Amino acid sequence: MTAPTYDVVAIGNAIVDVIARADDAFIAANNLRKGSMQLLFSTDEAEALYERMGPGIETSGGSAANTLAGLAALGLNCGFIGQVADDMLGKVFSHDMRAQGVRFDTPAREGEPPTARCLIVVTPDGQRTMNTFLGASQFLPASALSLDLIADAGILYLEGYLWDPEEPRAAMRRAIEAAKQAGRRVAFTLSDVFCIERHRADFLKLIADGSIDILFANENELLSLEQGEEFEAAVASLSARVPLLVVTRGEHGAIAIKDGERAEVSAEPIDHVVDTTGAGDLFAAGFLAGQARGRSLKDSLTAGAVCAAEVISHVGPRPQADVKALVEARLRG
């Protein structure tokens, strides 16, 4: 097996985020689920919510794309596969990814629907409530995959959010086959409880088939997948079936279990939580960077915690400080 050219290649939703502040009354008035993600199913629905939101910040986002932005900032060589439309937001997204040094050459899609956008409402407690119109991103065909790129990456990273639409789900299955045939590792993030509720059987089958080498979940997602109420019991059950399980627990830190070895870290201290958008994505970036470089579970978790702490200290889902320097300083002790 030849050494990979790319550290991580990810497949995910190509989304432009619109982030605005609001109070809990706005959440209630618009029937939003605070702290979670829900789908908007039409352009009209997305535009109506956008009109009701206050002034916002627009930035390229999407779960896997945010993780790659973090990985690139950490100095890793990355590629992204995702579908945009041939419109202004599609051009913005493409430029942002390439400007960060991430390879992105999936052809833009002609016509409707437009490029995906996520309308994010941030409440005073720092919680983000995401309302996503998937737009063009849900029409990523298997024919758009660069199988050579996938085979040339040490880790293929997939986001659960994109499992919902049928076309990209088929594309991701094909990508898993290509990565496995090339002897590469596959990482998968469960993304949200609603994804699990809709696709639990699929996710469990991927695990049972040995398709997933690294599984990311937060505590709620873990309990939902295992349909249990006791954290340690769910960890014991799932870690026995996944080569490497990583579970984040918010302010309580994170754990990783590989071949019976367990490592834990506390959350990194931070003066004030500004916006939790991208926390899990950047945690995954730090952890995957550590694994790609052969670091221990503990050091990989620490890198993830440092990256997550940085991104929740400001508005927006991508790092603004030098996370590479922050991680290196933290690991030096």
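**Strands, a helix and a pocket**

Me: What stands opposite Thr-248 in β13?
Reply: Ala-254 stands there. The model is predicted, so local features need pLDDT of at least 70 and side-chain atom pairs 80 or more, while totals for chains, interfaces and linings use all residues. Residues are numbered from 1 along each chain as its sequence is written, and side-chain values use heavy atoms, without hydrogens and water.

Me: How do you know that β12 and β13 pair?
Reply: Pairing takes at least two bridges found by DSSP. Five bridges join β12 (residues 244-248) to β13 (residues 254-258), so the two strands pair. They run antiparallel.

Me: What packs on the sheet beside β12, β13 and β14?
Reply: Helix α11 (residues 297-311) touches these three strands, where contact means heavy atoms within 4.5 Å. The direction of α11 makes about 30° with that of β14.

Me: What makes β6 and β14 edge strands?
Reply: The open sheet has nine strands in the order β6-β5-β1-β9-β10-β11-β12-β13-β14, with mixed pairing. β6 (103-104) and β14 (261-265) each pair on one side only, which makes them its edges.

Me: Which helices supply at least two residues each to the lining of the second largest pocket?
Reply: α11 and α12 (323-332) do, and α11 gives the largest share, three residues. Lining residues have an atom within 4 Å of a pocket point; among them are Val-306, Ala-309, Glu-310, Leu-326 and Arg-330.

Me: How many residues of each class are in that lining?
Reply: Five are nonpolar, one is polar and three are charged. Glu-268, Glu-310 and Arg-330 are in the lining, and Glu and Arg count as charged.

Notes. Helices (H or I, at least four residues) and strands (E, at least two) are DSSP runs, numbered from the N terminus. Axes are lines fitted to C-alpha atoms, for helices over the stretch in contact, and angles run from 0 to 180 degrees between N-to-C directions. On a 1 Å grid over the protein atoms alone, a cavity is a set of points where a 1.4 Å probe fits but cannot get out, and a pocket is an open set with protein on both sides within 12 Å along at least five of seven lines; lining residues have an atom within 4 Å of a point.
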